[in-house]
Amino acid sequence: SKPPNHVLVNEYQAGEGIMPHTDGPAYESRTATISLGGSDVIFKLWPRQRYDEDTISNNNSRPSMELVLHGTGSLVVFTDDAYLKHCHEISEGVLEETTSPNGICGNDSDGGTLVKRGHRISLTFRCKK
C-alpha cells in the first residue's frame with residue numbers, strides 16, 4: 001500500500017462537528033485521523049446509500065458504529081468497506097451520549113457514556129490518487 005501524501009488539518013471549537021460525508025474518489029480507500037489538543041468526541045459511521053452521483057443519504061436512525069475518541073493522541077483508521085460504504089461524522093453539540101446497550105459503540109459496549117466536547121485539532125492522513 002502507498003504511504004499518505006496528503007494531510008488535512010482541522011480545528012474544531014467546543015460543540016462544532018462535521019456532517020456525515022465521505023472523503024471521495026480522489027483518495028485511496030483508507031484514512032487515518034489523529035486528534036490533538038483536545039477533548040473527547042464520538043466518531044460515527046453511517047451506512048451510505050447512493051441515489052445519484054452527487055447525493056449521499058442515510059435512512060437509519062442509528063449509526064453502524066460509534067467510537068469514543070479520547071482526546072489528545074486518539075487515532076482512528078478506517079479502510080475498505082468502512083471507507084467506501086459508510087459516511088463518517090462527528091455531531092455538533094457540547095454534550096453527547098453514546099448509544100445504549102446494543103453494542104454498536106466499539107469501545108463502550110454498555111453505552112450511555114456522556115462525552116463533553118471542547119476545543120480539538122485533528123490531522124487526517126490520506127493518499128491522493
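**Exercise 1. Find out how many aromatic pairs a search of the whole structure gives, and work out how their rings are arranged.**

Solution. Searching the whole structure turns up two aromatic pairs. Keep in mind that this is a predicted model.

Step 1: Start with Phe43 and Phe78. Their ring centres are 5.6 Å apart and the planes make an angle of 45°, a tilted pair. The cut-offs explain that label: planes under 30 degrees apart would count as stacked and over 60 as edge-to-face, with the rest called tilted.

Step 2: Phe43, Phe78 and Tyr83 end up linked into a cluster by their ring pairs.

**Exercise 2. Decide whether Phe78 and Tyr83 are buried or exposed.**

Solution. Step 1: Recall that buried means under 20% relative accessible area.

Step 1: Check each residue. Phe78 has 6% relative accessibility, so it counts as buried. Tyr83 comes in at 4%, so Tyr83 counts as buried too.

Step 2: Phe43 is buried, as is Phe78.

**Exercise 3. Work out which residues Ser29 touches beyond its neighbours within four places in sequence.**

Solution. Step 1: Locate Ser29, which you'll find in strand β3 (residues 27-36).

Step 1: Skip the neighbours within four places and list the contacts: Phe78, Thr79, Asp80, Tyr83 and Leu84. Two of the cluster's rings, Phe78 and Tyr83, are on that list.

Step 2: Take Asp80 as an example. Ser29 and Asp80 are 51 residues apart in sequence, yet their C-alpha atoms are 5.6 Å apart in space.

**Exercise 4. Trace the order of the four strands in the open sheet, and say which ones stand at the edges.**

Solution. Step 1: Read off the order, β2-β9-β4-β7, with antiparallel pairing.

Step 1: Look at the ends. β2 (18-21) and β7 (65-69) each have a single partner strand, so one side of each is left without a neighbour in the sheet. From one strand to the next, the twist averages 15°.

Step 2: Zoom in on β4 (residues 41-47) and β9 (residues 86-90), which run antiparallel and are joined by four bridges. Lys44, for instance, has Glu89 in β9 as its bridge partner.

**Exercise 5. Find what sits over the ring of Tyr27.**

Solution. Look for the charged end of Arg126: it lies over that ring, 4.1 Å from the centre.

Notes. Residues are numbered from 1 along each chain as its sequence is written. This is a predicted model: local features need pLDDT of at least 70, side-chain atom pairs count only at pLDDT 80 or more; totals for chains, interfaces and linings use all residues. Side-chain values use heavy atoms; hydrogens and water are left out. Two strands pair if DSSP finds at least two bridges between them. Helices (H or I, at least four residues) and strands (E, at least two) are DSSP runs, numbered from the N terminus. Axes are lines fitted to C-alpha atoms, for helices over the stretch in contact, and angles run from 0 to 180 degrees between N-to-C directions. Rings of Phe, Tyr and Trp (its six-membered ring) pair if their centres lie within 6.5 Å; planes under 30 degrees apart count as stacked, over 60 as edge-to-face and the rest as tilted. Buried means under 20% relative accessible area, exposed over 50%, partly exposed in between (1.4 Å probe, protein chains only). A charge sits over a ring if NZ of Lys or CZ of Arg is within 6 Å of the ring centre and within 35 degrees of the ring normal. Contact means heavy atoms within 4.5 Å.
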